[in-house]
Amino acid sequence: MRDDVPYQFHLLYELDSDELYENASKLSPFYLLSFEEISMLDVAVVGAGLTGLACAQLLHRWGYDVAVFDKSRGLGGRVATRRVNTTCFDHGARFVSRQGSRTQQLLHELLAVHTPIISAEETQTDFPKSVTDQFVEHPSALPTLISWPRSPHQLDSSAANSFENVFSGVQHLIRVPQTDAQSYVPPEGMTAIAKFLAHGLDVRRQHRITQLDANLERRCWKITPEDRSQSPPFARAVILAVPAPQAIPLLESLTPTGRAPDWIDQVRAIEFSPCFSVIGGYAAQSLPLQPDPQTGIPMWQMGDRHWDALHCPSDEILAWVGLDSSKSRHSDEPIIVFQSTDAFAATHVDDTDLGLVGDRILERAAQLLNCPALCDPQWQQVQRWRYGFCRRPLASPDPYLITHQPLLLGCAGDWCSGSQIEDALTSGQAIAHRIHQALDSSSIP
Ligand SMILES: Cc1cc2nc3c(=O)[nH]c(=O)nc-3n(C[C@H](O)[C@H](O)[C@H](O)COP(=O)(O)OP(=O)(O)OC[C@H]3O[C@@H](n4cnc5c(N)ncnc54)[C@H](O)[C@@H]3O)c2cc1C
């Protein structure tokens with residue numbers, strides 16, 4: 001029995017919430033009021049990626065009763081960290097960099113409290129002067145950030161394929177990219193950023209939402225999880241903060257009107273490309289690693305070059321290689337994350353044997369880096385991102401979609417303006433403002 005609820009409401013808790021919802025009209029007005037008081041959220045956010053969390057964090061701060069639902073066991077969506085043995089690696093977003101005002105603001109807040117490993121010019125940044133939408137109010141939730149990669153390089157893989165270069169080695173084909181912006185990671189993994197944004201929020205994990213029903217009489221949504229043993233929550237507004245293709249079945253499930261929002265075709269037009277991440281753990285002596293003279297952290301050595309991340313912009317299979325273990329000073333085991341190109345992933349996205357897909361990517365990396373040991377990791381994992389990167393974002397002035405008919409419902413995500421963390425934060429915060437306007441005409445605090 002919950003002791004934060006008056007005695008007379010306990011009867012309601014004993015009812016299955018589906019039953020409660022179906023029979024609500026038969027209950028006395030006293031119980032009807034109680035039902036709403038107990039069960040109703042102001043806003044339900046579906047998706048605990050950075051879009052959903054940024055949105056929920058603002059609404060929570062403005063005093064709304066908001067809960068976030070996610071199908072997975074973790075937080076962060078494509079900002080993803082996995083643990084193996086005593087260490088961890090980022091198999092989704094690799095780092096966060098200043099892509100626009102939202103990531104600048106986020107980095108400003110994270111870098112302001114802790115002293116990260118950054119260079120002198122890094123402290124003279126053009127961070128926004130006026131702080132309007134802070135991410136959270138609790139400095140205790142802030143993760144530490146370090147600058148990573150410290151030495152990104154780029155491989156000209158089209159030249160690496162040529163006969164003479166295969167035999168002469170590839171070190172002369174590696175160069176420092178001119179355009180790489182400074183980027184950062186929490187050494188404990190990128191999900192620390194999601195956990196930071198989730199601070200103080202009601203996040204309900206392992207809740208895959210499969211159906212939305214509008215109760216026009218009561219002016220609320222019933223949000224049904226796939227697992228029918230989980231209580232369906234009720235909310236005045238719903239925000240779908242999921243990749244566009246995952247929003248479509250939910251938009252098509254709307255009852256009782258059976259009518260999807262007018263903008264559903266805009267959601268259908270969004271295109272995502274898949275991506276594979278292959279993660280390998282290696283024996284340290286099998287790879288050409290040398291400690292960086294300044295930090296002592298092992299880096300990949302190629303001739304006189306050393307790198308911790310390598311872009312492969314012209315390769316057909318391999319897009320990026322990151323020495324993920326160099327994000328942490330405490331990892332003895334080299335862990336490498338390899339990311340495929342869109343084109344390779346599109347060809348293999350429905351393959352059933354992911355191990356073979358991973359092997360193909362490792363073979364290509366071994367060939368390009370002239371390092372056969374890359375094909376023989378001590379352990380290997382393959383992550384398929386079916387909706388990896390948005391390739392055709394929403395063409396709309398607002399970075400979200402919203403309707404009031406039949407009830408308040410919105411869609412948000414990185415795909416509303418691009419394909420990166422900046423776009424996720426922009427969309428999440430923008431729809432929070434819009435929902436606030438719709439729910440409450442008073443000015444935002
Ligand atoms: C391999 C890879 C590397 C990347 N690297 C970078 C990088 O270095 N820098 C950068 O800026 N960006 C990077 N990105 C892009 C970045 O990760 C995304 O732009 C951003 O994380 C998108 O956030 P989001 O909240 O919009 O979506 P997501 O992170 O996809 O979150 C959506 C959430 O919704 C949940 N969900 C979906 N359907 C349901 C449902 N029916 N019920 C409940 N929950 C549901 C999912 O579980 C997920 O948690 C990378 C992406 C990938 C795939």
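This is a predicted model: local features need pLDDT of at least 70, side-chain atom pairs count only at pLDDT 80 or more; totals for chains, interfaces and linings use all residues.
Reader: How many helices and strands does the secondary structure of the chain come to?
Author: The chain has 445 residues, and buried ones make up 44% of them. Its secondary structure comes to 13 helices and 23 strands.

Reader: What share of the contacts with a separation of 6 or more comes from residues 24 or more positions apart?
Author: Tyr400 and Thr426 give a sense of such a spacing, being 26 residues apart along the chain with C-alpha atoms separated by 9.3 Å. Over the chain, residues 24 or more positions apart account for this share of the contacts with a separation of 6 or more: 69%.

Reader: Which strands are the edge strands of the open sheet of seven strands?
Author: The order is β8-β7-β18-β19-β20-β14-β21, with mixed pairing. An edge strand here pairs on one side only. That gives β8 (174-175) and β21.

Reader: Within this sheet, which residue is the bridge partner of His311 in β19?
Author: Strand β18 (residues 309-311) and β19 run antiparallel, joined by three bridges. In β19, His311 has as its partner Trp320.

Reader: Is strand β20 (residues 335-340) enclosed or open?
Author: In a regular strand the side chains alternate between the two faces of the sheet. In β20, Ile335, Val337 and Gln339 lie on one side and Ile336, Phe338 and Ser340 on the other, and all are buried. Six of the six residues are buried, so β20 is largely enclosed.

Reader: Which residue stands opposite Val337 in β20?
Author: Strands of a sheet pair through backbone hydrogen bonds, either parallel or antiparallel. β14 and β20 run antiparallel, with five bridges between them. Opposite Val337 stands Ile279.

Reader: And which residue stands opposite Ile336 in β20?
Author: Strand β19 (residues 318-323) is also joined to β20 by five bridges, and the two run antiparallel. Opposite Ile336 stands Leu323.

Reader: Is Asp342 buried, exposed or partly exposed?
Author: Asp342 lies in helix α11 (residues 342-348). Beyond four places away in sequence, Asp342 touches Ser273 and Cys275. A buried residue needs 20 or more C-beta neighbours within 10 Å, and an exposed one has 12 or fewer. Asp342 has 15 inside 10 Å, so it counts as partly exposed.

Reader: Which residues of strand β23 (residues 408-411) point the other way from Leu408 and Gly410?
Author: Leu408 and Gly410 point one way, and all residues of the strand are buried. The residues pointing the other way are Leu409 and Cys411.

Reader: Which residue stands opposite Gly410 in β23?
Author: Strand β13 (residues 234-240) and β23 pair in the parallel sense, over four bridges. Opposite Gly410 stands Ile239.

Reader: How many residues make up the hairpin link from β22 to β23?
Author: Strand β22 (residues 401-403) and β23 pair in the antiparallel sense over three bridges. Leu401 stands opposite Cys411. The hairpin joins the two strands through a link whose residues number four.

Reader: Is Tyr400 buried or exposed?
Author: Tyr400 is found in the loop between β21 and β22. Among the residues Tyr400 touches are Gly410, Cys411, Ser427 and Arg434. Tyr400 has 26 C-beta neighbours inside 10 Å, so it counts as buried.

Reader: Where does the largest nonpolar core lie?
Author: Nonpolar side chains tend to be buried together in soluble globular proteins. The largest core here has 119 residues, and Ala44, Cys55, Val238 and Ile239 have the most contacts inside it. Both domains give residues to this core, so it lies between domain 1 (1-94 + 96-147 + 190-270 + 394-445) and domain 2 (148-187 + 271-392).

Reader: Which residues come nearest to the ligand?
Author: The shell draws at least three residues from each of domain 1 and domain 2. Its residues divide into 16 nonpolar, 14 polar and six charged. Of the 36 residues around the ligand, the nearest are Gly47, Gly49, Thr51, Gly77 and Ile421.

Technical notes: Residues are numbered from 1 along each chain as its sequence is written. A residue is near a molecule or strand if its C-beta atom, placed from the backbone, lies within 6 Å of it. Ala, Val, Leu, Ile, Met, Phe, Trp, Tyr, Cys and Pro count as nonpolar, Asp, Glu, Lys and Arg as charged, and the others, Gly among them, as polar. Domain bounds come from an automatic or database domain assignment. A nonpolar core is a set of buried Ala, Val, Leu, Ile, Met, Phe, Trp, Tyr and Cys residues joined through C-beta atoms within 7 Å. Two residues are in contact if their C-beta atoms, placed from the backbone, lie within 7 Å. Two strands pair if DSSP finds at least two bridges between them.
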